[in-house]
Amino acid sequence: MALSLSVVLLLGIIMIVLIRGKSLKAGPAIVAILFGFFLASTGIAPSINRFLNSVADTINNISF
């Protein structure tokens with residue numbers, strides 16, 4: 001759950017920066033938000049969640 005909140009917060013901040021920097025207009029931003037919202041209610045949502053968790057685990061296991 002902490003990962004999900006962090007990803008949502010990070011993507012929200014990126015979207016705000018893009019809108020303020022005039023790189024992303026409000027219309028496409030709303031479409032992206034709605035797409036993500038409706039995608040979360042489809043059958044592919046658990047697969048996306050597992051993929052993001054595996055990416056996070058891989059990044060977590062990297063040692064420098």
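First, some ground rules. This is a predicted model, so local features need pLDDT of at least 70 and side-chain atom pairs count only at pLDDT 80 or more, while totals for chains, interfaces and linings use all residues. Residues are numbered from 1 along each chain as its sequence is written, and side-chain values use heavy atoms, with hydrogens and water left out.

Let's begin with confidence. pLDDT is the predictor's confidence in each residue, from 0 to 100. The chain has a mean pLDDT of 83, and 92% of its residues reach 70 or more. A friendly reminder: where pLDDT is low, the predicted coordinates should not be read in detail.

Now the layout. The chain holds 3 helices and 0 strands; helices (H or I, at least four residues) and strands (E, at least two) are DSSP runs, numbered from the N terminus. From that end, the order of elements is α-α-α. The radius of gyration is 14 Å, well over the 11 Å that the globule rule gives for 64 residues, so the chain is more spread out than a compact globule. That radius is taken over C-alpha atoms, and the rule is 2.2 Å times the number of residues to the power 0.38. Along the principal axes, the C-alpha atoms fill a box of roughly 35 × 35 × 15 Å.

How much of the chain is buried? Buried residues make up 3% of the 64, where buried means under 20% relative accessible area, exposed over 50%, and partly exposed in between (1.4 Å probe, protein chains only). The chain exposes about 5500 Å², and carbon and sulfur atoms supply 75% of that area. These areas come from the Shrake-Rupley method with a 1.4 Å probe; for residues, only the protein chains shown count as cover.

Next, a surface feature. I44, I48, F51, L52, V55, I59, I62 and F64 form a nonpolar patch with about 850 Å² of accessible area together. Patches are made of residues with over 30% relative accessible area and no salt bridge, joining like charges within 9 Å and nonpolar side chains (Val, Leu, Ile, Met, Phe, Trp, Tyr) within 5 Å. A salt bridge, in turn, is a side-chain nitrogen of Lys or Arg within 4 Å of a carboxyl oxygen of Asp or Glu.

On to the rings. The whole structure has 1 aromatic pair. F37 and F38 form that pair, edge-to-face, 5.3 Å centre to centre with 75 degrees between the planes. Rings of Phe, Tyr and Trp (its six-membered ring) pair if their centres lie within 6.5 Å; planes under 30 degrees apart are stacked, over 60 edge-to-face, and the rest tilted. Both F37 and F38 are exposed.

Finally, two single residues. A32 belongs to helix α2 and is partly exposed, at 39%. A32 and M15 are 17 residues apart in sequence and 9.6 Å apart in space, C-alpha to C-alpha. K22 is exposed, at 63%, and its phi is near 65 degrees, a positive value in a residue other than glycine.
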